[in-house]
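Please examine the sequence and the structure shown below.

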Amino acid sequence: MSSARVLDSYFQTEMTREIEAIVGLFAEGAVFQTPDAVRKGRDEIRPFFDDAAERFPHLSVSVTRAFTDGPFEIAEWSAVMTDRLGKRVPLEGVNIARVDIENSTIQGMRSYYDVSSYTRP
């Protein structure tokens, strides 16, 4: 595990594809920003993970670098998403999260990655 404890938990949980467990890592009023949208609250965050799990039911993530600075955790990651036909799609990115260490929740997170790498026909 890296020094980014809450993000480590997030990535481990995201790989299970258990939507309620993933969404439960976000605080009720959390903001989750990806390259294509800003989602506020668990009700807006949930469909992102529903869609990801539907399109890519298998996910492997490796945190390559991680940093912690007060309530912020930053993780550089490398992932392989596998679709329903077995096609493997590599993806790399960085997540920056404001966390509540005491409650192990994500208060806000920005995820940076190249959306075109998995939206190509």
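## Thr82 and strand E4

In this predicted model, Thr82 belongs to strand E4, which spans residues 72-82. Thr82 counts as buried because its relative accessibility is 13%, and the limit for that class is under 20%. Leaving aside residues up to four places away in sequence, Thr82 touches Arg55, Phe56, Pro57, His58, Lys87 and Arg88.

Phe72 is also found in strand E4. With a relative accessible area of 37%, Phe72 is partly exposed. Together with Ile96 and Tyr112, Phe72 makes a nonpolar surface patch of about 260 Å².

Six strands form an open sheet with mixed pairing, in the order E2-E1-E6-E5-E4-E3. Its edges are strand E2 (37-40) and strand E3 (58-69), each of which pairs on one side only. From one strand to the next, the twist averages 15 degrees.

Strand E1 (residues 26-34) and E2 run antiparallel and are joined by four bridges. The two strands form a hairpin, with two residues between them. Within this pairing, Phe32 stands opposite Arg39 in E2, and Gln33 stands opposite Val38 in E2. Helix H3 (residues 42-55) lies across E1, E2, E4 and strand E6 (105-113), and runs at about 55 degrees to E1.

## Salt bridges

The model has a count of eight salt bridges. In one of them, the side chains of Arg46 and Glu20 meet at 2.9 Å, N to O. This pair links distant parts of the chain, with Arg46 in helix H3 and Glu20 in helix H2 (residues 19-24), 26 residues apart. Arg46 counts as partly exposed at 22% relative accessibility, whereas Glu20 counts as exposed at 51%.

A further salt bridge is formed by the side chains of Glu54 and Arg84, at 3.5 Å, N to O. Glu54 lies in helix H3 and Arg84 in the loop between E4 and strand E5 (88-100), so the pair ties together parts that are 30 residues apart in sequence. Glu54 is partly exposed, with a relative accessible area of 48%, and Arg84 counts as exposed at 56% relative accessibility.

The side chains of Arg65 and Glu76 meet in a salt bridge at 3.2 Å, N to O. Arg65 is in strand E3 and Glu76 in strand E4, 11 residues apart. Both residues are partly exposed, with relative accessible areas of 47% for Arg65 and 30% for Glu76. Elsewhere, salt bridges that share partners join Glu20, Asp43 and Arg46 into one network.

How values were computed: Residues numbered from 1 in each chain as written. Predicted model: local features only at pLDDT ≥ 70, side-chain atom pairs only at ≥ 80, totals over all residues. Heavy atoms only, no water. Buried < 20%, exposed > 50% of the residue type's maximum accessible area, 1.4 Å probe, protein only. Contact = heavy atoms within 4.5 Å. Patch = residues over 30% accessible without salt bridge, like charges linked within 9 Å, V, L, I, M, F, W, Y side chains within 5 Å. Areas by Shrake-Rupley, 256 points an atom, 1.4 Å probe, with all protein chains shown as cover. Salt bridge = Lys/Arg side-chain N within 4 Å of Asp/Glu carboxyl O. Pairing = 2+ DSSP bridges. Axes fitted to C-alpha atoms, helices over the stretch in contact; angles between N-to-C directions.
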